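Please consult the sequence and the structure while reading.

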Amino acid sequence: MDVTTKYIPEIEQVKEAAKTLAGVAIHTPLAQSLTYSRMFDANILLKREDLQIVRSYKIRGAYNKIRSLSEEEKARGIVCASAGNHAQGVAMSCNKLGIKGTIYMPAPTPRQKISQVKMFGEDQIDIVLVGDTFDDSNKAAVTECERLGKTFVHPFDDEKVIEGQATVGLEILEQAAVPVDYLFVPVGGGGLASGVSAVFRVLSPETKIIGVEPEGAPSMSMSIQNNANTELGEIEKFVDGAAVQRVGDKTFEICKQFLHDMITVPEGKVCQTILDLYNKDAIVVEPAGALTISALDRYKDEIKGKNVVCVVSGSNNDITRTAEIKERALLYANLKHYFIVRFPQRAGALKEFVAEILGPNDDITHFQYTKKHSRENAPAVVGIELKSEKDLLPLIERMKARHFYGDYLNNKPDLFQFLV
């Protein structure tokens, strides 16, 4: 085995990182959530990394890495690839340290994220938009490093980055007035999970640490299951802050040893958590920031009466995603359904559908109709929102009885992807 994969951050290294970060990364609150404490009959504490100045914990690892570079490395400049939080952490670090940085981002990156990176980096950073995906940008960034001899700042698989992220664990233990029974930590590339779990292994070995990934990007889960770092062919990128095809070699070796469990949660459930946090607690989180809270009900029996910490990793959420978040939440709750409805080509057919097929609480939220005169029935794609999932089967029965039913689309991913 490559000896580099046997690296484990030491407590003294993490404490040094904490000193390095003094005045740069704030000590974020560890606050009790009354909503979730009551819901799960437990003491649920939220580690609010969403309140960092760059709105995520990523500043910790990025700054600790860049600050550790030699004067020669700083003079040559640094490069990173990121579509979000890591880019902002690197940009702010470059600005504070007076180091020139080049940040590669995928061409489709939303303007809001690009603007944030520019704001934190000011004239110290250049942004290069290249490729359609993070992998495309990452390859271009690595190529520039090799060509110009610059330093590549990896988002997770780097010792100094891991030690910086590990300071989250130090803070939790300093802030917690009670022993921590369970710690839920989000997992993307594994930098945060490996750092925090290494700290708890020494300072709070009784704590059970649960890693949480999105269901559509289970790279750490699959790697631990296979006992080998496994690259996924395709992933669901919705939880963009925690969706990677391959975790780090260093982070994998640490996580497979120190995580007590590694679980996944559906993206739709994450969306419901985002909405609940906003509506009930006025907390704005990005999808990755909602992962740990979304996992609590999987452990509801074990955590009852216990002290539980959830790391809320970030809040860089684009408001333009709100409609999609609501849509995914409704689909997960089985309250939003898409059909091909075949309307008879006669006057009053639509009125009949609305008045006699829909239930009193059903609502049409999508309607796309194409009239073809050569056929008796013209198909329409119809999205219907229900108040209760129990209303679905009676709705389908009424459509079939009146010969309106064409097909059900929720379980047909090839068609469904065009609607959501």
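How are H8 and H9 oriented to each other? The axes of helix H8 (residues 159-175) and helix H9 (residues 191-203) come within 7 Å and cross at roughly 50 degrees; H8 and H9 are therefore oblique to each other. Axes are lines fitted to C-alpha atoms, for helices over the stretch in contact, with angles from 0 to 180 degrees between N-to-C directions. Angles under 35 degrees count as roughly parallel, over 145 as roughly antiparallel, 65 to 115 as roughly perpendicular and the rest as oblique. Helices (H or I, at least four residues) are DSSP runs, numbered from the N terminus.

This is a predicted model, in which local features need pLDDT of at least 70 and side-chain atom pairs count only at pLDDT 80 or more, while totals for chains, interfaces and linings use all residues. Residues are numbered from 1 along each chain as its sequence is written, and side-chain values use heavy atoms, with hydrogens and water left out.

The mean pLDDT (the predictor's confidence in each residue, from 0 to 100) of the protein chain is 92, and 96% of its residues reach 70 or more. Over residues 1-5, however, the pLDDT is below 50. Where pLDDT is low, the predicted coordinates should not be read in detail.

Residues in contact (heavy atoms within 4.5 Å) include Ile 162 and Leu 173 in H8, and Val 199 and Phe 200 in H9. The residues of this contact divide into 11 nonpolar, five polar and no charged. Here Ala, Val, Leu, Ile, Met, Phe, Trp, Tyr, Cys and Pro count as nonpolar, Asp, Glu, Lys and Arg as charged, and the others, Gly among them, as polar.

| Pair | Axes | Angle |
|---|---|---|
| H5 (residues 85-97) and H6 (residues 111-121) | within 7 Å | roughly 20 degrees |
| H16 (residues 349-357) and H17 (residues 392-401) | 11 Å apart | about 140 degrees |

The angle in the table makes H5 roughly parallel to H6, and the residues of their contact divide into five nonpolar, four polar and no charged. H16 is oblique to H17. Phe 353, Glu 356 and Ile 357 in H16 meet Leu 395, Arg 398 and Met 399 in H17.

By an automatic or database domain assignment, the chain is divided into domain 1 (11-56 + 160-325), domain 2 (78-149) and domain 3 (335-419). The centres of domain 1 and domain 2, taken over C-alpha atoms, are separated by 24 Å.

Notes
Helices (H or I, at least four residues) and strands (E, at least two) are DSSP runs, numbered from the N terminus.
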